[in-house]
Amino acid sequence: AGSAAGGWWIHSRTYRSATNVLAGSRRRAVAKAVGTVGVIHRGMVHADFAQSLACLHTPGPFKIHAVEGSHIAWQRNQVMRQMEGAWVFFLDTDQVCAPDTLTRLLACDRPVVSALIAERHSPFKPVAFRHGKRMTWQEIPSRGLLDVETIGTGCLLIRRGVVGKIADPWFEVGQVSSECAGEDTWFSKKLREAHIPMTIDCGVR
């Protein structure tokens, strides 16, 4: 997965119309969604992201659940509460991904698995933590599965079985170990407490 930068921006209703046509065409043969794609946005999305989402390969019909707002934890919880099918796939609007990203993450057969993503600001450090510290790019293998202690949410696949093992809300924002933490850190903390492993597919970037 990479970051969306430069180029054109479009209103969320425009990309929703395009992707709903794509999803709807797949529902004609099978009405029940196999999974949910969660999109968190503030009303405008980058054209690169919209194209990336429209080209996403899925194993069957899927639901696109787009939640507009500025409270990212609340938005992610709304997607989780209304998920359909066996999984939810979060793709943040500052990311672009290859068409086979979702199918490759599903093939990992892990409860929680992410693409290898970077922070959105320079120096673009990897979002991967082990042994209580952030890993460097040099420490991360070019391919294979890597179990981590904290995982990013920008390109993240969550299986339905995880939802019932952690109490709602799954995502929060606030203090963790005396530091202000984002919703990804809170979610990772709850996963650790529930003894649910977190995995990064290092070959999916």
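Where is P123 found? P123 sits in the loop between β8 (112-115) and β9 (128-130). This is a predicted model.

**Nonpolar cores**
- The largest nonpolar core holds 29 residues. M80, F90, V112, I158, F171, F187 and L191 touch the most other members.
- At least two residues of this core come from each of α3 (72-81), β6 (87-91), β11 (145-148), β13 (155-159), α5 (160-163), α6 (183-193) and β16 (198-201).
- α3 gives the most, with three residues.
- Leaving aside residues up to four places away in sequence, L191 touches V112, V162, I166, I196 and M198.
- Another core, of 24 residues, lies apart from the largest one. Its members include V37, L91, L102 and C108.
- In soluble globular proteins, nonpolar side chains tend to be buried together.

- P169 lies in the loop between α5 and β14 (174-176).
- Most peptide bonds are trans.

- Most residues other than glycine have a negative phi.
- F124 is in the loop between β8 and β9. Its relative accessibility is 41%, so F124 counts as partly exposed.
- H195 is placed in the loop between α6 and β16. With a relative accessible area of 72%, H195 is exposed.

Note on methods
Residues are numbered from 1 along each chain as its sequence is written. This is a predicted model: local features need pLDDT of at least 70, side-chain atom pairs count only at pLDDT 80 or more; totals for chains, interfaces and linings use all residues. Side-chain values use heavy atoms; hydrogens and water are left out. A nonpolar core is a set of buried Ala, Val, Leu, Ile, Met, Phe, Trp, Tyr and Cys residues joined through side-chain atoms within 4.5 Å. Buried means under 20% relative accessible area, exposed over 50%, partly exposed in between (1.4 Å probe, protein chains only). Helices (H or I, at least four residues) and strands (E, at least two) are DSSP runs, numbered from the N terminus. Contact means heavy atoms within 4.5 Å.
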